Amino acid sequence: NPNSATNINSIQAHFSTRATNEYIPNYTYIEDAVYPAKVSGTCGYTAACLILNYWHNVEGDVIDSEFLDSDGDLLIGEDDYTLQDKLLSYGGSNSSWGLTIRDVLIDYCTEYGIAATSTYYVTNFDIFAEIGRDRPVIVFGYFPDTPTQVQSRGSVFHAVTAYGTSTTGIISKLIVHYGWSGYSHVT
């Protein structure tokens with residue numbers, strides 16, 4: 001009987017545990033991006049490339065043509081001088097954290113005459129609000145070294161690019177691009 005109490009409870013349980021995903025507009029510019037690979041701890045710079053690429057595709061004229069191929073994608077070849085290489089020249093080191101990448105983004109935008117604002121916080125203050133304002137966010141922290149494994153705390157200090165949320169009941173999680181091939185949609 002499809003109207004039995006048991007069947008109705010089963011249907012309600014199914015839908016109450018189902019996640020609702022919400023994304024910033026045009027999130028596929030992050031999820032499907034061609035980007036320079038992370039090399040020796042450059043994850044913050046990889047995330048910055050994803051952010052700049054997103055705004056370039058949404059707003060236009062953010063990335064100088066010297067960093068783009070003929071299809072308009074970021075250069076990624078080993079022999080290419082990539083956007084990531086340019087960003088690394090501002091940071092002076094492969095390693096980074098929020099303040100470093102904030103300053104790198106400001107330096108890039110200043111050099112190329114792009115009106116932009118970049119901020120950072122030491123806590124997770126405002127991450128979900130920024131996603132709610134339709135803006136991608138770079139998040140630094142300890143993340144699982146195997147993104148498909150659910151862990152309470154990760155073991156790798158890493159930077160990811162958040163572009164959506166996944167909510168189940170009252171629990172919301174970020175949807176992120178890990179900056180690793182094959183991990184462009186991780187909750």
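**Exercise 1.** At roughly what angle do the axes of helix H4 (residues 83–91) and helix H5 (residues 98–111) cross?

*Solution.* The model is predicted, with local features requiring pLDDT of at least 70 and side-chain atom pairs pLDDT 80 or more, while totals for chains, interfaces and linings use all residues. Residues are numbered from 1 along each chain as its sequence is written, and side-chain values use heavy atoms, without hydrogens and water.

Step 1. The axes of H4 and H5 cross at roughly 110 degrees and come within 9 Å. H4 is therefore roughly perpendicular to H5 (65 to 115 degrees; under 35 is roughly parallel, over 145 roughly antiparallel, the rest oblique).

Step 2. Contact (heavy atoms within 4.5 Å) involves Leu 83, Lys 86, Leu 87, Tyr 90 and Gly 91 of H4, and Val 104, Asp 107, Tyr 108 and Glu 111 of H5.

Step 3. These residues comprise 5 nonpolar, 1 polar and 3 charged.

**Exercise 2.** Describe how H3 packs against H5.

*Solution.* Step 1. The axes of H3 and H5 lie 10 Å apart, at an angle of about 45 degrees; H3 is thus oblique to H5.

Step 1. Gly 44, Tyr 45, Ala 48 and Leu 52 of H3 meet residues of H5 including Val 104 and Tyr 108.

**Exercise 3.** Is Val 39 buried, partly exposed or exposed?

*Solution.* Step 1. Val 39 is located in the loop between helix H2 (28–31) and helix H3 (43–59).

Step 1. With a relative accessible area of 47%, Val 39 is partly exposed (buried is under 20%, exposed over 50%, partly exposed in between, with a 1.4 Å probe and protein chains only).

Note on methods
Axes are lines fitted to C-alpha atoms, for helices over the stretch in contact, and angles run from 0 to 180 degrees between N-to-C directions. Helices (H or I, at least four residues) and strands (E, at least two) are DSSP runs, numbered from the N terminus. Ala, Val, Leu, Ile, Met, Phe, Trp, Tyr, Cys and Pro count as nonpolar, Asp, Glu, Lys and Arg as charged, and the others, Gly among them, as polar.
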